[in-house]
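Please look over the structure shown here, with its sequence, before reading the notes that follow.

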Amino acid sequence: MNDETDAPGETPGSVEPSSTTDTDAATPRTGASFIGFVRKHRVPLAIVGGVVALALAGTAAVFAGAATVAEPTAIAAPTPSETPTPTPEARPVPTAAPVSRIRTCSVADRAADARLANLQAQVLNAKTGEVLYDRGGTTASRTASVMKVLTSAAALSVLGPDHRAATTVVKGAEPGSIVLVGGGDVTLSRTPSGDETVYPGAAHLDDLAAQVQAAWAADPANPPITKLILDASYFGGDEWQPSWELVERDDGYMSNITALMVDGDRDDPYSNTSTRSDDPISRAGVAFADALGGVATIERGTAPAGAQQLGQVLSPTVAELVDKALVVSDNTVAEMLARLVAIETGSGNTFSAINAGVLEGLAGYGVDTAGITIVDGSGLSDDNAVPPAYLTRLFVKINAREGNLGYLLDSLPVAGERGSLSYDDRFWGDNAVADGSVIAKTGWINTGYTLAGVIRAEDGTDLTFAIYALGDVTDEAKTAIDTLATGFYLCGDNLSNQ
């Protein structure tokens, strides 16, 4: 599932399909696509005892806030006495106790929407860290593609924004043999150099083949290249996470995870949502053999130690990969980043190593990760567990651009403007008032819809938030989530927890 189509298995560039992820079906929202869907309701304000009472109606609401200030308590003068008494010890004059601000902007009606199923949510004032709204915020639950925020943050910390993954060719042990060594670059392309696939800046196999041919020809003692060995040992263990549904691969939202593949193993390199195979390594090998020409045998193996390098190409940078993982919710790229983080931290090179690796990568941000379980890098698994409270606090750091987190902030979808929040089924009608102000990662799997990020509220307050709608949910949960987020936008720092 991919978020560029917030639907189960959200995927890049599309409206979430009825199965699992944001997909290419989604199209950018235009004015014509939502004009007239919802009429704004005007809500009368009633003045009661000097406090503005506010009713929220539908997706359009007017918010008003009032703060109550207590009058200082007067200090009574002592009553004179006929009999002189000793002067009492001086004591501090009591003052009025500080009065907590009373916030009056309620989103209760929006939060009660049945389409949200089992709601968990939290909102913080990003500047003060004050919790303004909380519904089950400390309970760790499945995140859907919001998990990509954690994966990206860990990658930016552990690998750095400029890191690139290498695909290399070395000389084989047998005469006439070469070894194609995968370094985890899922974006490597079989398309001609100059073509732009779903992965901008991807390396191309024809470039790698040209390097190999030139290096091979430089030694007259080399016989013709007739054997190609495929080394995908950089990633280990299962290629498919056991908790994922195979329909995600068939519907084009997720590939098997291997260290050697081309175009995210898509049938169509130019489409974000495209059917994947059950053997990405072989697809890459055949494509490279075609680019080389003359190869008679292709087999699996490993590169000899210290073998001569014949060519190398590099992936886009981690910063560019983070953008792809977030804005169009590319599941395969997210898994690439998670696996590279696990390897770099020394945790291992399998799915089971991701939890330790990503948590180590997140440790430097200083937000408590206790209770978090990370099963994959993409969020496709129901077994992931992250409390909304962790996300609201991490987004405080992201909003402040701490470390390299500014890259993450700039890669998030934006309501009405960019990525999976710009399609015609997101922030439409009255919720369009929040266009440009909700900067957040979308999520969708069959058992939940999620949204987490930053809101530039109407009153100028920066809020961080996370919303989970879990359980028996439908596609309509997206609108209910957007309506609640719009309520947070309208309330700002006057948001009531009632």
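This is a predicted model: local features need pLDDT of at least 70, side-chain atom pairs count only at pLDDT 80 or more; totals for chains, interfaces and linings use all residues.

Strand β5, which covers residues 118–125, is joined to β6 by four bridges, and the two strands run antiparallel. Strands β6 and β5 belong to an open sheet of five strands with the order β6-β5-β14-β13-β12 and with antiparallel pairing.

**The β5–β6 pair**

- Within this pair, valine 123 stands opposite tyrosine 133 in β6, while leucine 124 stands opposite valine 131 in β6.
- The hairpin of β5 and β6 has five residues between the strands, and glycine 129 in this hairpin takes a positive phi near 80°.

**The sheet and the helix across it**

- The edge strands of the sheet are β6 (131–135) and β12 (438–445), each of which pairs on one side only.
- Averaged over the sheet, and with direction ignored, neighbouring strands are turned by 10° against each other.
- Helix α10, made up of residues 388–399, lies across β5, β6, β13 (448–456) and β14 (462–470), and the helix runs at about 150° to β14.

- Although β12 is an edge strand, it is mostly covered, with eight of its eight residues buried.
- Val438, Ala440, Thr442 and Trp444 point one way from β12, whereas Ile439, Lys441, Gly443 and Ile445 point the other way, and all of these residues are buried.
- Eight bridges join β12 to β13, and these two strands run antiparallel; among the residues of β12, lysine 441 has alanine 452 as its bridge partner in β13.

**The disulfide**

- How many disulfides does the model contain? The count comes to one disulfide, which joins cysteine 105 to cysteine 491 with an S to S distance of 2.0 Å.
- The pair links distant parts of the chain, since cysteine 105 sits in the loop between β4 (60–61) and α2 (108–111) and cysteine 491 sits in helix α12 (residues 477–491), 386 residues apart.
- The link of cysteine 105 and cysteine 491 is left-handed, with -70° about the S-S bond.

**Valine 181 and its surroundings**

- Valine 181 lies in strand β8, which covers residues 177–181.
- Leaving aside residues up to four places away in sequence, valine 181 touches Ala166, Thr167, Thr168, Val170, Asp231 and Ala303.

**The protein as a whole**

- The protein has twelve helices and 14 strands, and buried residues make up 56% of its 498 residues.
- Among the contacts in the protein with a separation of 6 or more, 67% are accounted for by residues 24 or more positions apart.
- The accessible surface comes to about 19,900 Å², and 52% of this surface belongs to carbon and sulfur atoms.

Terms used
Residues are numbered from 1 along each chain as its sequence is written. Side-chain values use heavy atoms; hydrogens and water are left out. Two strands pair if DSSP finds at least two bridges between them. Axes are lines fitted to C-alpha atoms, for helices over the stretch in contact, and angles run from 0 to 180 degrees between N-to-C directions. Contact means heavy atoms within 4.5 Å. Buried means under 20% relative accessible area, exposed over 50%, partly exposed in between (1.4 Å probe, protein chains only). Accessible areas come from the Shrake-Rupley method with a 1.4 Å probe; for residues, only the protein chains shown count as cover. A disulfide is a pair of cysteine sulfur atoms within 2.5 Å.
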